[in-house]
Amino acid sequence: MSSMLEVRDVAKYFGGVKALDGVSLTVPEKGLIGLIGPNGSGKTTLFNVITGFYVPDRGSVLFRESNDLVRIDGLNPNEVFKRGIVRTFQIPRLFNSLTVLENLLVTPLGQRGENPVRALLRNSWSAQERELAKKAIELLKAFNMLRYANSKISELSAAHIKMLETIRGLMTPAKLYLLDEPAAGVDYLMAKELFTYVRRLRDEHNLTFFIIEHRLEILMEYVDYVYVLHNGKLLSEGKPQEVISDPKVIEAYIGV
Amino acid sequence: MIGFDIVGFMISWLTLFGIYAILALTLNLESGTAGITNFGKVVFYGVGAYVSATLTAYLILILNGVDVSETPPYGIRGIILLGELGNKNPLLNIGLLVLSLVIAFAVSGVLGYLLTYPILRVGPAFVGFTLLSSGELLRIFLQHYEPVGASKGLMAIPTPFGWIADSRLREVTYLGLVLGLLAVTYVVTHRLVNSPLGRTLRALRDDEIAALCLGKHVPRIKATILFIGSGVAGMAGVLLTYYLTSVNPNMFVPAVTFNVWAMIILGGFGNLKGSLLGASVITFVDRVLTFVTPQLGIAAISPDYLRWVIVGLLIVVVLLVNPRGLLPEKPIRTPAVDVILEEFRGESK
């Protein structure tokens, strides 16, 4: 299977702290790949490098664009998104003064009504707006959230907030999802439901997932492959069962 | 209340209200909806006022064959000539109004864009302070720049309707112009807020990082909004110049900016009707104090100080009762609302 994302020898230093120190990994197309590691091992820093929040001190990040792999390190986060990478956060970042439906409608690129001159001419964008609204409604239906369409974010449960943050990327032709701890703060059953949805998204929308997760018992059930980071370096990788029984990984987690 | 001129009061209040409401509406778009801390509203207002004053004074003299290098408009001779030559040609006066509006919009707008584009990446407090200090820089510059009259400013600026003989009719015509521009500003800001652009602006006010991760070019969007808001504020400055027929640097102190902030806080952050309400209340207080105190013969309390006490008190009371202002922000009205309502109606059938 060809790769969707390739991280090649990426290093990121903060003063003397080596947050990432030569990490190389590959996320294959339509993969459901896990990224684990103890606190401070560099997982979120890696996501920040991939999504353009940090420029790596060394190495490169490549992303699939039709048949080529193109360098995306050094691009701004908004440009990274335009290439098809959607990211969610450890603490979900939604737009709290907007309704659920509006949160979805913020996402699409190329909205005519976002141009200040066209925004004045309602007729020039209202047809597109209706289409996007219908698309958003279909999404909400598919994820059993339609009844919350007009709710404010503050009225949603933690699991629904995570779900909304994940599905808003589907309003665009997204290719790769970076999920940062999707199961944090969600009870066991809801977390499993979330991962079931992730699997469904992968299959139905041909998406690729790269997931940071601390709750290994849930993650390992769903992912095909796992990378383990420790002190900014790749410590281990492999199928979930191999990784979980790797003595190095156990040592890093328990810290003998 | 002997000799209280109620019609004169209304005209004066409504004209001032119109000018300030334009400022409040645009500030509400910038700060209330888009979350940009614009503490430099007065910069763009002042630039607009000076653009029209300079343009009008110089062009009137030049077009009447006066050599401005000999008799500049800020000298005594120039001021007298402006009074003599100012209202001879109605077409010229109105032409200068239109020209001033266009140039003030362009200059203030471009200044708004250039001043903010480099600093919008830093935090909101820095944006606020940079714009605040820009205002003071501009004021100090104007105080020392001779061609615009330095600290004395420009006086006896011919007005667009100066050729109308009857003073009341002239004032009412001008009021019509001000309210007309206010109406246009309201329609424009209302449409911008209730559009996908307005939704994106609220989104980046709520969470800039998330908006960035959804592909929004945050600095460019904000600078564009400041282009629009500052350009329109420049037009409000034009209206002020022709209303007062003079400009001087001390009219453009930071207090002007905070007066407009008081209006949108009082009226409701993010609510455009609230801005109109806030502007009307605060300009009313201002006019009442200016009109009434001299008539009552109270010399002990200056209306200038009392104004700030009253405005401050009003804000405290309103915010205690309703922290979101008199009129809270409304949901955005786009066709998406109709689509979801149709959907819900279809389901319940």
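## Chain A at a glance

In this predicted model, chain A has a radius of gyration of 19 Å, which agrees with the value near 18 Å that a compact globule of 256 residues would have. That radius is taken over C-alpha atoms, and the globule rule is 2.2 Å times the number of residues to the power 0.38. Along the principal axes, the C-alpha atoms of chain A fill a box of roughly 65 × 40 × 35 Å. You will find ten helices and ten strands in chain A; helices (H or I, at least four residues) and strands (E, at least two) are DSSP runs, numbered from the N terminus.

Of the 256 residues in chain A, 56% count as buried, where buried means under 20% relative accessible area, exposed over 50%, and partly exposed in between (1.4 Å probe, protein chains only). Among contacts in chain A with a separation of 6 or more, 67% come from residues 24 or more positions apart; a contact means heavy atoms within 4.5 Å. Chain A exposes about 10800 Å², and carbon and sulfur atoms supply 50% of that area. Accessible areas come from the Shrake-Rupley method with a 1.4 Å probe; for residues, only the protein chains shown count as cover.

## Chain B, built from helices

Chain B has 13 helices and zero strands. Its radius of gyration is 22 Å, close to the 20 Å that the globule rule gives for 349 residues, so chain B is as compact as a globular protein of that length. The C-alpha atoms of chain B fill a box of roughly 75 × 50 × 40 Å along the principal axes.

In chain B, 53% of the 349 residues count as buried. Of the contacts in chain B between residues at least 6 apart in sequence, 80% join residues at least 24 apart. Chain B exposes about 14700 Å², with carbon and sulfur atoms supplying 71% of it.

## A buried threonine

Take a look at Thr26(B), which is found in helix α1 (residues 6–33) of chain B. Thr26(B) is buried, with a relative accessible area of 2%. Leaving out residues up to four places away in sequence, Thr26(B) touches Lys41(B), Thr185(B), Gly229(B) and Val232(B).

## Salt bridges between the chains

The structure holds 29 salt bridges over all chains, each being a side-chain nitrogen of Lys or Arg within 4 Å of a carboxyl oxygen of Asp or Glu. One of them pairs Glu114(A) with Lys216(B), the closest N and O atoms being 3.1 Å apart. This pair crosses between chains, from the loop between α3 (100–106) and α4 (116–120) of chain A to the loop between α8 (208–213) and α9 (218–244) of chain B. Lys216(B) is buried, with a relative accessible area of 4%.

Glu129(A) forms a salt bridge with Arg199(B), with 2.7 Å between the closest N and O atoms. Glu129(A) lies in helix α5 (residues 126–142) of chain A and Arg199(B) in helix α7 (residues 196–206) of chain B, so the pair joins two chains. Both Glu129(A) and Arg199(B) are buried.

## Salt bridges within chain B

Arg307(B) and Asp286(B) form a salt bridge whose closest N and O atoms are 2.7 Å apart. The pair links distant parts of the chain, 21 residues apart: Arg307(B) is in helix α12 (residues 303–321) and Asp286(B) in helix α11 (residues 272–296) of chain B. Arg307(B) and Asp286(B) are buried. Elsewhere, salt bridges that share partners join Arg202(B), Arg205(B), Asp206(B) and Glu329(B) into one network.

## Reading the numbers

Residues are numbered from 1 along each chain as its sequence is written, and chains are lettered from A and ligands numbered from 1 in the order in which they are written. Local features need pLDDT of at least 70, side-chain atom pairs count only at pLDDT 80 or more, totals for chains, interfaces and linings use all residues, and side-chain values use heavy atoms, with hydrogens and water left out.
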